[in-house]
Amino acid sequence: MNKEYASAAAALDGLIADGMTLAVGGFGLCGIPEALIAALRDTGKRDLTVASNNAGVDGFGLGLLLESRQIKKMISSYVGENKEFERQYLSGELELEFAPQGTLAERLRAGGAGIAAFYTRTAYGTKIAEGKETREFDGHHYVMERGLPVDVALVKAEVADTAGNLRFAKTARNFNPLAATAGRVCVAEVERIVPAGEIAPDDIHLPGIYVDRIVVNAAPEKRIEKRTVREAA
């Protein structure tokens with residue numbers, strides 16, 4: 001089975017429809033599927049629910065989809081770097097489901113593992129727990145959280161082999177493998193593809209059985225979300 005597609009647009013062809021739920025990997029602007037997000041914008045599909053730790057920044061990453069008003073709802077942990085996100089949320093134009101970072105990660109993992117729900121102590125007694133089932137175990141209070149399977153996962157890896165096995169670079173391993181397993185269909189954007197067998201088995205971070213389509217973006221922009229430098233001596 002040939003999993004490689006010639007472009008990001010081709011990799012999304014026939015997959016995206018109005019009203020879909022997607023998981024998008026990455027941590028801040030690290031390890032985000034830049035080309036796939038731009039191609040998703042170009043599909044023009046709307047009313048999307050997107051689960052992602054961040055919502056990109058103004059004019060880049062998922063910020064592109066916010067500007068084009070294609071996202072109806074975000075399921076996120078941290079949204080502090082995007083003024084358009086803030087504006088849409090405060091004006092009631094965008095639905096937002098806050099999920100603590102670890103809870104979001106576990107919801108995606110559970111969704112990929114076929115686990116319907118789980119209990120966590122995180123967020124008990126806060127607004128995030130309002131309306132959710134709670135239980136007491138061993139003297140501690142827990143909140144029930146639902147697993148989060150999605151229609152399509154868009155992820156970014158450093159390298160793939162032709163079988164779809166992926167290896168991520170450093171911080172890009174945050175959320176990308178979890179998002180990939182949660183998707184009914186997973187599309188991976190990678191910087192290069194190597195022959196099957198070239199990635200050592202112990203170096204494979206995500207088995208190819210989870211990956212349906214691959215597209216190469218050999219020169220991603222890789223923006224720095226917030227540049228911090230030392231003062232000159």
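These legends describe close-up views of a predicted model.

The model is predicted, so local features need pLDDT of at least 70, side-chain atom pairs count only at pLDDT 80 or more, and totals for chains, interfaces and linings use all residues. Residues are numbered from 1 along each chain as its sequence is written, and side-chain values use heavy atoms, with hydrogens and water left out.

**View A. Asn 165 sits in the loop between strands E9 and E10.** Strand E9 covers 150-161 and strand E10 covers 166-167. Helices (H or I, at least four residues) and strands (E, at least two) are DSSP runs, numbered from the N terminus. Asn 165 has 16% relative accessibility and therefore counts as buried. Buried means under 20% relative accessible area, exposed over 50%, and partly exposed in between (1.4 Å probe, protein chains only).

**View B. The side chain of Asn 165 has polar partners at Asp 161 and Gly 208.** At Gly 208, the backbone nitrogen lies 2.7 Å from a polar atom of the Asn 165 side chain. Beyond neighbours within four places in sequence, Asn 165 is in contact (heavy atoms within 4.5 Å) with residues including Val 159, Ile 199, Leu 206 and Pro 207.

**View C. Helix H2 spans residues 34-43.** Its buried residues are Glu 34, Leu 36, Ile 37, Ala 39 and Leu 40.

**View D. Phe 27 and Phe 175 form a stacked pair.** The whole structure holds three aromatic pairs. The ring centres of Phe 27 and Phe 175 are 6.5 Å apart and the planes lie at 15°, so this pair is stacked. Rings of Phe, Tyr and Trp (its six-membered ring) pair if their centres lie within 6.5 Å; planes under 30 degrees apart count as stacked, over 60 as edge-to-face and the rest as tilted. Phe 27 lies in the loop between strand E2 (21-24) and H2, and Phe 175 in the loop between E10 and helix H6 (176-182), so the pair ties together parts 148 residues apart in sequence. Phe 27 is partly exposed at 29% relative accessibility. Phe 175 is buried at 8%.

**View E. Tyr 119 and Phe 137 pair edge-to-face.** Their centres are 5.3 Å apart, with 65° between the planes. Tyr 119 belongs to strand E6 (residues 117-120) and Phe 137 to strand E7 (residues 134-137), 18 residues apart. Ring pairs join Tyr 119, Phe 137 and Tyr 142 into a cluster.

Note on methods. Polar contact = N/O pair within 3.5 Å; in protein donor to acceptor, adjacent residues only side chain to side chain.
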